[in-house]
Amino acid sequence: MCATSSTSGKAINLSAGEDTGADTSDSDQNKPSSDQTASHGILETHWGLSLQIDPPLGQTHVLHALDPAEMLKDGTGIGQVWEASEILCEYLVKYPSVVQNVESILELGAGVGVPGLLAARLGANRVILTDYHAVVLSRLTANLARNGLSERCQVASLEWGSCASRSRHSLLLGADLAATRASALLLASTVRAMLADGGVWLYAHHERFAVFRNSDGEIAFEQEDDALAALCDALGSFCDAGPAISCMQLRATISVNECDEERGRRHSLPERTVLMAFGESSALAALPKWNVGGVAPNATE
């Protein structure tokens with residue numbers, strides 16, 4: 001449910017909040033640059049932001065912030081910077097006007113908060129970073145304070161699919177959120193509840209395809225990302241929650257995922273990282289069109 005959280009020792013409700021200002025110094029540092037130990041994790045720099053994250057799985061010289069029981073509560077990898085966030089951050093840096101002078105921005109499933117914090121650094125008036133796990137919320141609060149953005153950003157608890165608050169926001173951000181069909185449907189209902197009329201949701205997603213064996217024993221892959229397809233279908237269909245929401249692809253990059261078979265042969269499957277925009281057609285038409293490199297944009301209704 002939509003609840004309150006603590007930022008700088010102050011309870012904040014998603015239904016309320018004040019527009020505030022903060023430091024907007026810019027930086028083009030977009031690659032991780034540090035592995036020094038921090039409390040409950042390590043410090044890395046992404047897009048000029050100093051972030052506390054969990055060490056990669058398998059590293060034993062630094063303890064994870066979560067014990068095994070806590071890890072079971074969130075199998076998506078608390079405290080990591082997901083690959084898809086890079087393409088979203090690139091877009092925000094290339095077109096900072098997207099976040100500037102926007103009344104209210106909310107990041108869904110913020111994790112360590114890279115896109116939301118970057119939006120604040122680029123000049124957004126007010127950014128709300130949301131997640132649901134207490135450890136994530138605590139780390140978000142620490143990260144925004146570490147980067148001098150406490151006056152411009154807020155941290156709030158948000159559980160998808162049971163949002164009591166109906167406060168809506170002009171711009172939603174998100175990266176690598178739809179991991180399963182079930183989570184995609186909860187995410188879609190939350191987007192419908194939180195997106196203001198005329199608003200836009202910028203969503204970056206790294207496509208993943210299920211791997212299985214055919215009857216002949218050969219490795220095969222699903223032909224589409226089932227979670228992403230479910231998300232687009234749920235938002236693109238008229239339902240009791242509201243009218244269909246249009247979708248426009250802003251950019252896609254392609255990588256190859258290699259899968260080892262026990263017989264030693266290698267199978268590769270191209271995977272795309274896509275940046276998509278959801279909203280009313282008129283709002284999508286006003287967005288800057290990014291068509292430099294990658295796959296050409298494709299608009300669908």
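At what angle do the axes of α2 and helix α3 cross? In this predicted model, they cross at roughly 10° and come within 10 Å of each other. That makes α2 roughly parallel to α3, because angles under 35 degrees count as roughly parallel. Let's start with the whole protein and then visit a few of its helices, a strand and some loops.

**The whole protein**

- The protein is built with seven helices and 15 strands.
- It has 301 residues, and 50% of them count as buried.
- Among contacts with a separation of 6 or more, 70% are between residues 24 or more positions apart.
- The accessible surface amounts to about 13,900 Å², and carbon and sulfur atoms supply 51% of that.

**Where α2 meets α3**

- Helix α2 covers residues 84-94, while helix α3 covers residues 114-121.
- On the α2 side, the meeting residues are Ser85, Leu88, Cys89, Leu92 and Val93; on the α3 side, they are Val114, Pro115 and Leu118.
- Sorted by class, this contact of α2 with α3 has seven nonpolar residues, one polar residue and no charged residues.

**A closer look at α3**

- Helix α3 is mostly covered, with eight of its eight residues buried.
- These buried residues are Val114, Pro115, Gly116, Leu117, Leu118, Ala119, Ala120 and Arg121.
- After α3 comes Gly123, which has a positive phi near 120°.

**Leu173 in strand β9**

- Strand β9 runs over residues 169-175, and Leu173 is part of it.
- Is Leu173 buried or exposed? Leu173 has a relative accessible area of 0%, so it is buried.
- Setting aside neighbours within four places in sequence, Leu173 touches residues that include Leu88, Leu92, Pro115, Gly116 and Ala119.
- Other contacts of Leu173 include Ile105, Leu106, Glu107, Leu108, Trp201 and Leu202.
- Leu173 and Ala277 are 104 residues apart in sequence, and their C-alpha atoms are 9.6 Å apart in space.

**Helix α5 and its cover**

- Helix α5 spans residues 181-194 and has 14 residues.
- From its first C-alpha to its last, α5 reaches 20 Å, close to the 20 Å expected at 1.5 Å a residue.
- Which residues of α5 are buried? They are Ser183, Ala184, Leu187, Ala188, Thr190, Val191, Arg192, Ala193 and Met194.
- A handy rule for reading such a list is that an α-helix has 3.6 residues a turn, so residues three or four places apart point the same way.
- The cover over the buried residues of α5 includes the strands β6, β9 and β10 (195-206), together with helix α6 (226-235).

**Two loop residues with positive phi**

- Asn101 sits in the loop between α2 and β6 (105-107).
- Although Asn101 is not a glycine, its phi is positive, at about 65°.
- Asn101 is exposed because its relative accessible area is 69%, and exposed means over 50%.
- Asp176 lies in the loop between β9 and α5.
- Asp176 is not a glycine either, yet it has a positive phi of about 50°.
- With a relative accessibility of 14%, Asp176 counts as buried, since the cut-off for buried is under 20%.

Terms used: Residues are numbered from 1 along each chain as its sequence is written. This is a predicted model: local features need pLDDT of at least 70, side-chain atom pairs count only at pLDDT 80 or more; totals for chains, interfaces and linings use all residues. Side-chain values use heavy atoms; hydrogens and water are left out. Helices (H or I, at least four residues) and strands (E, at least two) are DSSP runs, numbered from the N terminus. Buried means under 20% relative accessible area, exposed over 50%, partly exposed in between (1.4 Å probe, protein chains only). Contact means heavy atoms within 4.5 Å. Accessible areas come from the Shrake-Rupley method with a 1.4 Å probe; for residues, only the protein chains shown count as cover. Axes are lines fitted to C-alpha atoms, for helices over the stretch in contact, and angles run from 0 to 180 degrees between N-to-C directions. Angles under 35 degrees count as roughly parallel, over 145 as roughly antiparallel, 65 to 115 as roughly perpendicular and the rest as oblique. Ala, Val, Leu, Ile, Met, Phe, Trp, Tyr, Cys and Pro count as nonpolar, Asp, Glu, Lys and Arg as charged, and the others, Gly among them, as polar. The expected span of a helix is 1.5 Å times one less than its number of residues.
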